[in-house]
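The exercises below are to be worked with the sequence and the model side by side. Each gives a task, followed by a solution that goes step by step.

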Amino acid sequence: MNHLPFNAARGDSAAPGSAEQTTTVVVGSGLSGLAVASELSRRGVESIVVEALECSDSGTMRTVMTDATSLSERNELMRLLRGYASSHELDIRQSTVAEQLSIIGHPSLITSSIGRKQWAVQTRDGVLLADHIVLTKYPLNELRRFLRSLGVTIGKNLKATLGPIGLHLIGVGEPLTPTTREIVRQAKLVSDTIAAEGPAPLNCLVPPEAGTAPLTA
């Protein structure tokens, strides 16, 4: 399977490399990813958008039958979002692919200690450190495995469970592909949450010992 693996924790043994600090990393540069980045920008929150590895197992999501009007609406929104991203110089990196998601506890990836845990997205170009991650594409079963490795109790409302630890979903785990209006609604809700809450309290998580192997199916 070719998708973004998770690693519950990484410690001082993490391979050194180039590390960038941002508030939010958005995984997926499609309509959902651009919508979130635009909404975050309007709230004064910085973000970096990277591409997601293609998932051969994306779950049981079904696509809603779309008519010409819906397709036109979607295409127009995509045009507007691309225009906004260009005019506001949003950091959209379509050639950068997220390869692994982990939590940095004692980073050797940056010269000074951050003093708290952060999300880390590994790419071929380096590591992106962030307080929040937005996933717009990922197999639900693999996500649940990752959460269990963190000791996170998964309730009926997955999004409500993940929000407090700075992991946000748009379209992931839903039975139907979100409509254009639903994507915009979710993007606004996620952006409001990130802007209001600040850094997620990852220090409350006590994952298994550092160096846990990435979770892959």
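Buried means under 20% relative accessible area, exposed means over 50%, and partly exposed lies in between, with a 1.4 Å probe and protein chains only. Helices (H or I, at least four residues) and strands (E, at least two) are DSSP runs, numbered from the N terminus. This is a predicted model, in which local features need pLDDT of at least 70 and side-chain atom pairs count only at pLDDT 80 or more, whereas totals for chains, interfaces and linings use all residues. Residues are numbered from 1 along each chain as its sequence is written, and side-chain values use heavy atoms, with hydrogens and water left out.

**Exercise 1. Describe the overall makeup of the protein chain: how many helices and strands does it have, and in what pattern do they follow one another?**

Step 1. The protein chain has 5 helices and 7 strands, and, read along the sequence, these follow the pattern β-β-α-β-α-β-β-β-α-α-β-α.

Step 2. Of the 217 residues in the protein chain, 47% are buried.

Step 3. Taking contact to mean heavy atoms within 4.5 Å, residues 24 or more positions apart account for 77% of the contacts with a separation of 6 or more.

**Exercise 2. Decide which residues of helix H1 are buried, and compare the span of H1 with the expected one.**

Step 1. H1 covers residues 31–42, and its 12 residues reach 17 Å from the first C-alpha to the last, close to the 16 Å expected at 1.5 Å a residue; the expected span is 1.5 Å times one less than the number of residues.

Step 2. The buried residues of H1 are Leu-31, Ser-32, Gly-33, Leu-34, Ala-35, Val-36, Ala-37, Ser-38, Glu-39 and Leu-40.

Step 3. Because 10 of its 12 residues are buried, H1 is largely enclosed by the rest of the structure.

Step 4. Just after H1, Gly-44 takes a positive phi of about 75 degrees.

**Exercise 3. Work out where the buried residues of helix H5 lie around its axis.**

Step 1. H5, residues 180–197, has 18 residues and reaches 26 Å from its first C-alpha to its last, close to the 26 Å expected at 1.5 Å a residue.

Step 2. The buried residues in H5 are Thr-180, Ile-183, Gln-186, Ala-187, Val-190, Ser-191 and Ile-194. They lie on the same side of H5, because they cover an arc of only 130 degrees around the axis, the arc being that of the directions from the helix axis to the C-beta atoms.

Step 3. Arg-181 and Ala-196, on the other side of H5, are exposed.

Step 4. H5 is followed by Gly-198, whose phi is positive, near 70 degrees.

**Exercise 4. Identify the residues with the most contacts inside the largest nonpolar core, and find which element gives the core its largest share.**

Step 1. A nonpolar core is a set of buried Ala, Val, Leu, Ile, Met, Phe, Trp, Tyr and Cys residues joined through side-chain atoms within 4.5 Å.

Step 2. The largest such core has 27 residues, and those with the most contacts inside it are Trp-119, Ile-133, Leu-135, Leu-143 and Leu-167. Among the elements that give two or more residues to this core are strand S2 (19–27), strand S6 (126–135) and helix H3 (140–149), and the largest share, 4 residues, comes from S6.

Step 3. Leaving aside neighbours within four places in sequence, Ile-133 is in contact with Val-25, Val-27, Leu-101, Trp-119, Val-121, Gly-166, Leu-167 and His-168.
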